[in-house]
Amino acid sequence: MKQTKLKITIKTCLWIAFFFYALSVLYICLLSRWNVQHFIQSYESSDAWKAAVSDKLNLMPFRFISDPGHYNTKQIWIINIFGNFILLFPLGIFLPCIFPKTRSWKWKKFIVLIISTILFIELSQYFFICGECDIDDLLLNLPGACLGFAFMKLPNIKKLLSYIYD
């Protein structure tokens, strides 16, 4: 009886933590940058929209290395690199914790899910004109999430998860 209550408490805490993590990602990537008035004005005409998004798309990989001047300061450049790397690290941890079936996933399936998640975020930033749709974000977010997922594949961590869910 005590173990069951403990397991339920742990699972509930994980869900609550995941909820706040997801809200934080949503806020950091979209809501903190969204200007509703600018968004509405941009969609009033195709020319205004084109002007608003003209510099919001980067499909050149590794621009953060080849063009660090794109960022205002070196500090912003460093925050962008490390921030993007660690942004999805918790997702790689939460997925196996909250969704037990993902613990047995092969890397290919996990990577497809993470790339889909990143593309959703990046395309949302582009279409809602609240950030830059940047291939570098994908290249930096993906290894962070994979590192979190790899951490969850460690034998002791897998054993702990088995205790919680089995």
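**Core and burial in a predicted model**

Mentor: The largest nonpolar core has 29 residues, and Tyr21, Leu88, Leu91, Phe110 and Ile114 touch the most other members. This is a predicted model, where local features need pLDDT of at least 70, side-chain atom pairs count only at pLDDT 80 or more, and totals for chains, interfaces and linings use all residues. Residues are numbered from 1 along each chain as its sequence is written, and side-chain values use heavy atoms, leaving out hydrogens and water.

Trainee: What makes a set of residues a nonpolar core?

Mentor: Its members are buried Ala, Val, Leu, Ile, Met, Phe, Trp, Tyr and Cys residues joined through side-chain atoms within 4.5 Å.

Trainee: Which elements give two or more residues to this core?

Mentor: Helix 1 (2-29), helix 6 (89-98), helix 7 (107-127), helix 8 (135-152) and helix 9 (155-165) do. Helix 8 gives the largest share, six residues. Helices here are DSSP runs of H or I with at least four residues, strands are runs of E with at least two, and both are numbered from the N terminus.

Trainee: Why does Lys7 count as buried?

Mentor: Buried means under 20% relative accessible area, exposed over 50%, and partly exposed in between, with a 1.4 Å probe and protein chains only. Lys7 has 17% relative accessibility, so Lys7 counts as buried.

Trainee: What is Lys7 in contact with, leaving aside neighbours within four places in sequence?

Mentor: Lys7, found in helix 1, is in contact with Tyr163, Ile164 and Asp166. Contact means heavy atoms within 4.5 Å.

Trainee: How many of the protein's residues count as buried?

Mentor: Of 166 residues, 37% do.
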